[in-house]
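Dear colleague,

Please find below the structure that I am handing over to you. My findings follow directly after it.

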Amino acid sequence: METPQTQPIAELRDASKHYGAVVAAEGLNLAIQRGEFLSFLGPSGCGKTTALRMLAGFETPTRGDVLLDGQRVNDLPPHRRPVNMVFQHYALFPHMTVADNIAYGLRQRRPRPPEAEVAAAVERALERVRLPGYGPRRIWEMSGGQQQRVALARALINQPKILLLDEPMAALDKNLRRDMQIELQTLQRSLGITFVLVTHDQEEALSMSDRICIMRGGRIVQVGSPRDLYDRPVNRYVADFVGKSNFFDGRVSRVGGGAGALTAAGGITFAGPVSCTRGVTEGAAATASLRPEDIALRRRLAPAAGETGVPVQVRTRIFLGEHTEYLVAHPDLGDFLILASRQAEAAEGSFGPGDTGFAAWRDGAARILDND
Amino acid sequence: MTMRPRYRTALFLAPAGAWFLAMLVLPLLVVIVYSFGERGPAGGYAPAFTLDNYLNLGSRWTAFRNTLTMAPLGTLACLVIAYPLAWFLAMRADARWRTLLLVLVIVPFWTSILIRSYAWIFLLGGQGIPSLLNALGLGNPRLINTPFAVLVGIVYGYLPLMVFPIYVSLERLDKRLLEAADDLGSPPMRRFLQIALPLSMPGVATGCMLVFILLMGEFLIPAMLGGGKVFFVGNALVDLFLQSRNWAFGSAVAAALVLVMLITVTAYMRFTRRWAGGRDDVALM
């Protein structure tokens with residue numbers, strides 16, 4: 001009895017969680033696909049952890065449903081759900097050895113599997129997380145990175161339908177985090193298990209996920225692949241969370257056919273595709289997002305067709321190796337960022353603080369967004 | 001330079017050291033010396049060297065037997081009642097009410113144990129619970145001056161000493177460990193037995209030790225609620241020192257009590273250490 005590949009492995013249907021007057025999650029609708037790596041991304045208090053805990057069974061939605069494999073599981077306690085979790089600070093049992101921690105899930109099964117089988121499974125799990133022979137160790141003898149791998153092995157031994165990861169990298173230092181991200185991704189590919197990650201680290205979400213679910217104030221703002229979110233953010237919040245961008249508030253001066261223009265302070269116009277979720281009409285307040293890499297910094301304004309240029313003064317210059325980041329000031333638009341490539345630097349020469357020049361961008365490079 | 005921290009440590013320890021020397025070691029030595037002496041002609045102590053007092057210990061066997069049965073029994077009764085209470089306070093009680101509830105646990109301590117024991121004399125006496133049971137047609141049991149009455153008094157008096165250490169260890173227990181066990185497929189009762197109970201053992205051990213040691217020296221509760229029928233070693237000592245004024249024999253009984261206590265407490269510590277340390281090597285349940 002194979003379930004069709006099209007059926008989502010988990011679903012949130014209008015799932016909401018209220019604590020009295022406090023809204024932790026509101027009307028979450030999300031289908032998690034079999035075998036994908038999905039991340040919930042957002043600042044603390046945005047509801048991402050609540051979403052994860054509803055999938056794990058630690059929270060029961062006050063309204064709406066949680067489905068696993070097409071079955072409604074609202075009232076199924078965590079110990080009866082076929083999902084496992086890696087906790088934020090690992091929550092390893094301090095009074096047990098590494099092997100007993102990992103074996104814990106198997107030993108909860110009834111009928112209980114024979115000890116020889118458990119021991120073999122534990123050894124395999126330890127090898128999988130590159131900790132062979134560490135079974136007899138005590139938890140406190142393990143480093144942070146090792147503890148994290150023990151937590152991973154403990155959660156994976158039950159072969160869960162979904163592995164839930166609650167900020168698993170938060171306690172690791174930067175280098176270790178990078179290694180662990182790669183390891184997690186490799187593990188996910190080789191096991192084919194659906195991974196659902198909660199993080200506030202946009203880089204982490206962007207580098208590991210097939211899809212990202214961006215949340216704010218208990219609601220889902222946008223769901224999409226990292227590229228989708230980067231190229232087609234629906235509002236200022238998403239554009240700001242996924243990569244760097246400049247925002248210019250103004251009023252929509254033209255709209256139609258998915259594209260439009262926005263007039264900002266000083267009558268400067270930004271043209272580009274419109275990806276507002278609300279219906280946009282001429283004169284409505286919106287924001288234009290312009291990525292720093294889409295702006296060129298020039299010595300003099302070459303009036304090329306289909307380009308907009310404004311005079312700016314350089315405030316700071318930060319050398320980033322492949323790129324140089326300039327913070328420039330414009331009397332009407334205020335301060336904004338420009339990312340100049342090495343080639344551009346070579347052509348135009350580098351600018352120093354106080355130098356004047358022109359910021360130019362191609363018409364259509366901007367994106368008209370909801371201004372929230 | 002290297003000596004200075006050592007001097008400082010010695011200085012900090014000096015008051016406690018002097019206190020222990022003056023109030024514990026010296027009196028204990030006096031007791032041991034006295035225990036080999038004789039009763040003075042008009043009572044008290046007369047110097048001598050004899051083993052008669054120790055050979056005579058058998059005459060107080062009942063007191064030792066009562067103490068050595070009621071102290072563990074009372075400790076166990078306290079534990080059985082205190083653990084669920086501590087669990088409720090640490091795990092279930094609303095944070096807003098927790099402090100108030102904790103204060104309520106110690107409120108009885110604000111009144112003298114003497115007055116509270118008098119209250120129990122009335123409650124367990126003919127006018128109290130027995131007459132109530134009689135009115136309900138449930139018989140007229142004799143409660144006061146029984147081992148049961150002493151046990152009730154012990155639980156009543158010593159419960160907070162058991163509740164607090166257990167409460168602290170449960171309160172400190174990382175609740176995510178219980179969530180992790182839940183997540184890994186463990187139902188509630190197993191989570192308790194495999195995670196919460198072993199991790200709260202330090203609190204249980206401390207509470208049991210506190211209550212047990214104090215119970216070994218108890219004399220007020222058996223005197224008031226046991227009516228001379230449930231006689232502890234403490235009561236024997238009061239009798240020997242204040243009534244029959246046989247200080248030498250009293251000292252021998254006291255020395256014997258200290259010895260018994262030392263043996264039981266050492267055995268208990270060994271046992272709890274092995275139990276807590278050995279658990280994680282075997283599969284639970």
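How many residues does the largest nonpolar core have, and which of them have the most contacts inside it? In this predicted model, the core has 110 residues, and those with the most contacts inside it are Leu55(A), Ile102(A), Leu164(A) and Val196(A). Domain 1 (10-231) and domain 2 (236-369) of chain A both contribute residues, so the core lies between them. Another core lies apart from this one; it has 51 residues, including Ala82(B), Trp120(B), Leu124(B) and Leu257(B).

Leaving aside neighbours within four places in sequence, Leu164(A) is in contact with Leu52(A), Leu55(A), Ala56(A), Val83(A), Asn84(A), Met85(A) and Val196(A).

The two domains of chain A

The domain assignment of chain A gives domain 1 as residues 10-231 and domain 2 as residues 236-369. Their C-alpha centres lie 39 Å apart. The contact between them takes 9 residues from domain 1 and 5 residues from domain 2. On the side of domain 1 that touches domain 2, the elements giving two or more residues are α6 (202-208), β9 (211-216), β10 (219-224) and α7 (226-231) of chain A. By class, that side of domain 1 has 6 nonpolar, 2 polar and 1 charged residues.

The sheet of chain A

Chain A contains an open sheet of 6 strands in the order β6-β7-β8-β3-β9-β10, with mixed pairing. Because β6 and β10 of chain A stand at the edges with a single partner strand each, one side of each is left without a neighbour in the sheet. Direction ignored, neighbouring strands of the sheet are turned by 20° against each other on average. Helix α4 (residues 144-156) of chain A packs on the sheet and touches β6 and β7 (162-166) of chain A. The direction of α4(A) makes about 175° with that of β6(A).

Is strand β3 (residues 37-41) of chain A mostly covered or mostly uncovered? The strand is mostly covered, with 5 of its 5 residues buried. Phe37(A), Ser39(A) and Leu41(A) point one way from β3(A), while Leu38(A) and Phe40(A) point the other way. On one hand, β3(A) pairs with strand β8 (residues 194-199) of chain A in the parallel sense over 5 bridges, and Ser39(A) has Leu197(A) in β8(A) as its bridge partner. On the other, β3(A) pairs with β9(A), again in the parallel sense, over 4 bridges, where Leu41(A) stands opposite Ile214(A). The pairing of β9(A) with β10(A) is antiparallel and runs over 5 bridges; there, Gly224(A) in β10(A) is the bridge partner of Ile212(A).

The contact between chains A and B

On the side of chain B, 17 residues are in contact with 21 residues of chain A. Helices α8 and α9 of chain B each supply at least two residues of the side that touches chain A, and α8(B) gives the most, with 6 residues. By class, this side of chain B has 8 nonpolar, 2 polar and 7 charged residues.

Within α8(B) (residues 175-183), the buried residues are Leu178(B), Ala180(B), Ala181(B), Asp182(B) and Asp183(B). They pack against α1 (48-56) and β6 (83-86) of chain A, together with α9 (188-199) of chain B. After α8(B) comes Gly185(B), whose phi is positive, near 105°.

Helix packing in chain B

Helix α3 (residues 61-92) and helix α12 (residues 233-243) of chain B pack at an angle of about 145°, and their axes are 7 Å apart. Ala63(B), Phe64(B) and Thr67(B) of α3(B) make this contact with Val233(B), Asn235(B) and Ala236(B) of α12(B). By class, the contact has 4 nonpolar, 2 polar and no charged residues.

A loop residue in chain A

Gly352(A) is found in the loop between α9 (342-348) and β19 (356-362) of chain A. Why does Gly352(A) count as exposed? The reason is that Gly352(A) has 8 C-beta neighbours inside 10 Å, and a residue is exposed if that number is 12 or fewer. Not counting residues up to four places away in sequence, Gly352(A) touches Val314(A) and Arg317(A). Between Gly352(A) and Ile268(A), the separation is 84 residues in sequence and 25 Å in space, C-alpha to C-alpha.

Yours sincerely

Notes
Residues numbered from 1 in each chain as written. Chains lettered and ligands numbered in written order. Predicted model: local features only at pLDDT ≥ 70, side-chain atom pairs only at ≥ 80, totals over all residues. Buried ≥ 20, exposed ≤ 12 C-beta atoms within 10 Å, placed from the backbone. Contact = placed C-beta atoms within 7 Å. Nonpolar A, V, L, I, M, F, W, Y, C, P; charged D, E, K, R; others polar. Domains from an automatic or database assignment. Axes fitted to C-alpha atoms, helices over the stretch in contact; angles between N-to-C directions. Pairing = 2+ DSSP bridges. Core = buried A, V, L, I, M, F, W, Y, C linked by C-beta atoms within 7 Å.
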